Amino acid sequence: MTNASNAASQANGNAAGGESLYVRHTPSFSAKIFGYAPEGFKSFGEFNKQALAAGALSVKTKELIAVAVSHITGCPYCIEAHVGKSKAEQTSFEEIFESVTVAAAVKAHSAFFNGANALKAYAGSQDADLYPLTNIELAEKLEDANEALYNGFHEFVHVSLRSGRIAEKEKLLIAVGSALAEGNAYSIEIFTRKAKDAGITIEELAETTLVATVLKAGSAMAHRVNALQAFERE
């Protein structure tokens, strides 16, 4: 390692018993790669700026969606950045935690409804359509396998989405953004329909989509730090 930040990285990692893959770097370190593809990085920066700017949704709401999606992607850089931006919008930690819980509910929702595919696979189904809309109703039969687990899952999702420090409609927008990042067809269908029933507009849906998109891409962008660190490792 040849520069000061990398030396600090090695020192911090060694102090913990081994070199860390997630040590904090200075902005100048992570920006070093920009000069090798300036137009592309500039374009992404503009997209990020526009996607998170106030529009049909407030900056605060967009940042709460961003916080949730960053927990879907699991990017520690994104979590830190968007918690900080949410705090700057006068968001309480209670609101941030509610957003995180919605993200957790969506990840659980994705796995749970894939249980319909498990039911069909167990029965030996050879259907050409692996994701029919009817699988959403089929998932109700999971209750027959274990009623307590079935009810516990639905109670968790219900509690996570009901109004608290964040209103229910806003939580459903957070759920839609999380579902888009998670990429599960059942969750996208169910939460978008619920959000529409709660009164979201197509403009709000469009902006939620852009926030989810820029956060999913932003996770890869943020991990340039890890790529640079690996590239420069001796």
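**Figure 1. An overview of the fold.** Helices (H or I, at least four residues) and strands (E, at least two) are DSSP runs, numbered from the N terminus. This is a predicted model, where local features need pLDDT of at least 70, side-chain atom pairs count only at pLDDT 80 or more, and totals for chains, interfaces and linings use all residues. Residues are numbered from 1 along each chain as its sequence is written, and side-chain values use heavy atoms, leaving out hydrogens and water. With that settled, welcome to a protein of 14 helices and zero strands. Along the principal axes, its C-alpha atoms fill a box of roughly 60 × 40 × 35 Å. Of the 234 residues, 38% are buried (under 20% relative accessible area; exposed means over 50% and partly exposed in between, with a 1.4 Å probe and protein chains only). Take the contacts (heavy atoms within 4.5 Å) between residues at least 6 apart in sequence: 71% of these join residues at least 24 apart.

Figure 2. The structure holds 10 salt bridges (a side-chain nitrogen of Lys or Arg within 4 Å of a carboxyl oxygen of Asp or Glu). In this one, the side chains of Arg 24 and Glu 80 meet with N and O 2.6 Å apart. Arg 24 sits in the loop between helix H1 (4–15) and helix H2 (27–30), while Glu 80 belongs to helix H5 (residues 76–88), and 56 residues separate the two. Arg 24 counts as exposed because its relative accessibility is 62%. Glu 80, at 46%, is partly exposed.

**Figure 3. Glu 232 and Lys 32, another salt bridge between distant parts of the chain.** The N to O distance between these two side chains is 2.6 Å. Glu 232 comes from helix H14 (residues 224–232) and Lys 32 from the loop between H2 and helix H3 (38–51), so the pair spans 200 residues of sequence. Glu 232 is partly exposed at 25% relative accessibility, and Lys 32 is partly exposed at 31%.

**Figure 4. H4 packed against H11.** Two packed helices are described by the angle between their axes and the distance between the axes. For helix H4 (residues 59–73) and helix H11 (residues 168–182), the angle is about 40° and the axes are 9 Å apart. On the H4 side, look for Thr 61, Leu 64, Ile 65, Ala 68, Val 69 and Ile 72; they meet residues of H11 including Leu 173, Ile 174, Gly 177 and Ala 181.

**Figure 5. H11 packed against H13.** The axes of H11 and helix H13 (residues 202–222) come within 9 Å and cross at roughly 45°, so this pair is also oblique. H11 contributes Lys 169, Leu 173, Val 176, Gly 177, Leu 180 and Ala 181 to the contact, and H13 contributes Glu 204, Leu 205, Thr 208, Thr 209, Ala 212 and Lys 216.

**Figure 6. Glu 207, a buried residue of H13.** Glu 207 lies in helix H13. Because its relative accessible area is 16%, Glu 207 counts as buried. Leaving aside residues up to four places away in sequence, Glu 207 touches Gly 55, Ala 56, Leu 57 and Lys 62.

**Figure 7. Gln 90, with a positive phi.** Most residues other than glycine have a negative phi. Gln 90, which is not a glycine, has a phi near 65°. You will find Gln 90 in the loop between H5 and helix H6 (93–113). With a relative accessibility of 66%, Gln 90 counts as exposed.

Notes
Axes fitted to C-alpha atoms, helices over the stretch in contact; angles between N-to-C directions. Parallel < 35°, antiparallel > 145°, perpendicular 65-115°, else oblique.
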